[in-house]
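This briefing covers a single protein chain and goes through selected parts of its fold. The points are grouped by topic and can be checked against the model.

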Amino acid sequence: MSKLGKSVAFAVLIDADNASARHADAIFEEVATFGEAMIRRVYGDFASEGLKSWDRAIQAHAILQQQQRNNTTGKNAADIALVIDAMDLLYKRTLDGVCLVSSDSDFTRLAQRLREEGLVVIGIGEKKAPEAFRNACNRFIFVENLTSQGTATIATPEKDPPSKAVPLIRRAIAALEDDDGWVKLGPLGAKLHAMVPDFDTRTYGESKLSGLVEKSGAFEMKRNSTGHHTIKERSPKKQKAPAAKKS
């Protein structure tokens with residue numbers, strides 16, 4: 001079972017010009033939490049010195065290398081090839097989703113189109129990725145959050161304090177709360193991702209939503225009779241000081 005609630009077959013399409021080979025291990029480990037990477041392709045002009053670093057990742061992860069020379073200055077043949085392949089895969093209807101690995105805004109409309117046809121779209125890119133592209137995906141994962149997974153070695157970036165997530169969590173609770181103000185943690189997580197596709201507890205230094213909620217100091221949390229965590233906002237008098245930011 002995947003994070004999306006079922007086992008899904010993905011195509012992982014990588015824009016080598018906008019994705020670093022050093023993230024490849026972590027990217028495929030992340031994709032595996034959502035489903036199976038049935039199709040793996042990377043696009044770029046691999047005759048160029050700048051893409052030589054992809055050689056190891058291509059072999060290690062059995063990625064099909066799609067060589068695309070840029071015959072005209074200012075035109076990106078790799079981007080066009082990726083889009084063509086994505087649309088071909090869409091019309092074959094053999095996949096449940098597509099993972100677009102890039103930080104390039106040019107793929108915004110592609111993500112929208114794939115979603116319009118019912119495919120799950122996972123974006124993976126840097127925090128610099130434009131908001132429009134991030135929001136066009138069902139989920140968007142920042143590579144900066146994929147720290148030291150498996151054989152991958154990625155420098156850990158500075159994390160946002162848990163308190164920064166409080167306004168967003170409040171909005172999600174307001175959309176879900178029952179008469180007593182309590183909300184189950186599972187539906188809360190789903191609502192947060194629906195509201196903000198790039199929401200990720202790892203951005204705030206926590207691996208789980210329960211940890212983020214607790215560290216923020218703004219919410220009460222308890223287990224209900226079925227064993228599930230439920231939360232609600234604390235009254236102003238009961239607000240705790242947020243946990244100290246991790247160094």
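## Helix 1 and its surroundings

In this predicted model, the buried residues of helix 1 (24–32) pack against strand 1 (9–15), strand 2 (36–44), helix 2 (54–60), strand 4 (97–101), strand 5 (120–125) and strand 6 (139–142).

- Helix 1 is mostly covered, with 7 of its 9 residues buried.
- The buried residues are A24, D25, A26, I27, F28, E30 and V31.

- F34 sits in the loop that links helix 1 to strand 2.
- Because its relative accessibility is 1%, F34 counts as buried; the cut-off for that class is under 20%.
- In sequence, F34 and V8 are 26 residues apart, while their C-alpha atoms lie 7.1 Å apart in space.

- An open sheet is formed by 3 strands in the order 7-9-8, with antiparallel pairing.
- Strand 7 (183–184) and strand 8 are at the edges and have a single partner strand each, so one side of each has no neighbour in the sheet.
- Helix 8 (residues 209–216) packs on this sheet and touches strand 8 and strand 9.
- The direction of helix 8 makes about 135 degrees with that of strand 8.

**Strand pairings within that sheet**

- Strand 7 pairs with strand 9 in the antiparallel sense over 2 bridges.
- K184 has T230, in strand 9, as its bridge partner.
- Strand 8 (residues 219–223) pairs with strand 9 (residues 229–233) over 5 bridges, again in the antiparallel sense.
- Opposite F219 stands E233 of strand 9.
- The hairpin of strand 8 and strand 9 has 5 residues between the strands, and G227 takes a positive phi near 90 degrees in this hairpin.

**The chain as a whole**

- The chain contains 8 helices and 9 strands.
- It has 247 residues, of which 49% count as buried.
- Taking contacts between residues at least 6 apart in sequence, 59% join residues at least 24 apart.
- The accessible surface of the chain is about 12,600 Å², and 48% of it belongs to carbon and sulfur atoms.

Definitions and conventions. Residues numbered from 1 in each chain as written. Predicted model: local features only at pLDDT ≥ 70, side-chain atom pairs only at ≥ 80, totals over all residues. Heavy atoms only, no water. Helix = DSSP H or I, 4+ residues; strand = E, 2+ residues; numbered from the N terminus. Buried < 20%, exposed > 50% of the residue type's maximum accessible area, 1.4 Å probe, protein only. Contact = heavy atoms within 4.5 Å. Areas by Shrake-Rupley, 256 points an atom, 1.4 Å probe, with all protein chains shown as cover. Pairing = 2+ DSSP bridges. Axes fitted to C-alpha atoms, helices over the stretch in contact; angles between N-to-C directions.
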